[in-house]
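This briefing is for a reader meeting the structure for the first time. Please look over the sequence and the model before reading on.

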Amino acid sequence: MKIKSQKDFYSGVMFALVGIAFAWGATAYNVGGAARMGPGYFPLVLGVILAAMGALVMFKALVVETEDGDKVGKWAWRPLCYIIGANLIFGVLLGGLPSIGLPSMGMIAAIYALTFISSKAGDTFKWKPTLVLASILAVGSYFTFIVALKLQIQVWPTFIAG
């Protein structure tokens, strides 16, 4: 059988593998039943649905003809590194790194850093729209997590908030 769309086929493989991993991981928890759901029920069902969607996408990639085989292009290393790096820095700023003595910088600083670093992944970078987006995300996150949900997340850096 010939792959007629490489992009769809490998996307389907990725969906199927992630779905299988979630479904398998959910079996470590009490699954329960439809009437009395346990903590593993939702991830199990979601994993099975994701795996089924992946299988469907893979099947479509093998059956439906596409122009030029819809080849998979080169890896976009720059955006990949910026996005992964932004998430890593977000985690470090939010929680700090006690092993090296770096204190927590809080949610607001972490959101600004995440927004600015990840926006460098695109082809164009503009300060003003990025600043507006970071501000909206920071204010929205503050009201959502701190005010509405009353979560105990450090909002400001340790040296400011104490």
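Which residues does Thr 115 touch, not counting residues up to four places away in sequence? They are Thr 130, Leu 133, Ala 134 and Leu 137. The model is a predicted one.

**Thr 115 and helix α4**
- Thr 115 lies in helix α4, which covers residues 106-119.
- With a relative accessible area of 5%, Thr 115 counts as buried, because buried means under 20%.

**Helix α5**
- Helix α5 runs over residues 127-148 and has 22 residues.
- From its first C-alpha to its last, α5 reaches 30 Å, close to the 32 Å expected at 1.5 Å a residue.
- The buried residues of α5 are Thr 130, Ala 134, Ala 138, Ser 141 and Ile 146.
- An α-helix has 3.6 residues a turn, so residues three or four places apart point the same way.
- Helix α4 is included in what covers the buried residues of α5.
- Thr 130 and Ala 134, two of the buried residues of α5, are among the residues that Thr 115 touches.
- Lys 150 follows α5 and has a positive phi, near 55°.

**Nonpolar surface patch**
- Trp 75, Trp 77, Leu 80, Ile 84 and Leu 88 make a nonpolar surface patch of about 600 Å².
- Leu 80, one of the patch residues, is found in helix α3, residues 77-95.

Technical notes: Residues are numbered from 1 along each chain as its sequence is written. This is a predicted model: local features need pLDDT of at least 70, side-chain atom pairs count only at pLDDT 80 or more; totals for chains, interfaces and linings use all residues. Side-chain values use heavy atoms; hydrogens and water are left out. Helices (H or I, at least four residues) and strands (E, at least two) are DSSP runs, numbered from the N terminus. Buried means under 20% relative accessible area, exposed over 50%, partly exposed in between (1.4 Å probe, protein chains only). Contact means heavy atoms within 4.5 Å. Patches are made of residues with over 30% relative accessible area and no salt bridge: like charges are joined within 9 Å, nonpolar side chains (Val, Leu, Ile, Met, Phe, Trp, Tyr) within 5 Å. Accessible areas come from the Shrake-Rupley method with a 1.4 Å probe; for residues, only the protein chains shown count as cover. A salt bridge is a side-chain nitrogen of Lys or Arg within 4 Å of a carboxyl oxygen of Asp or Glu. The expected span of a helix is 1.5 Å times one less than its number of residues.
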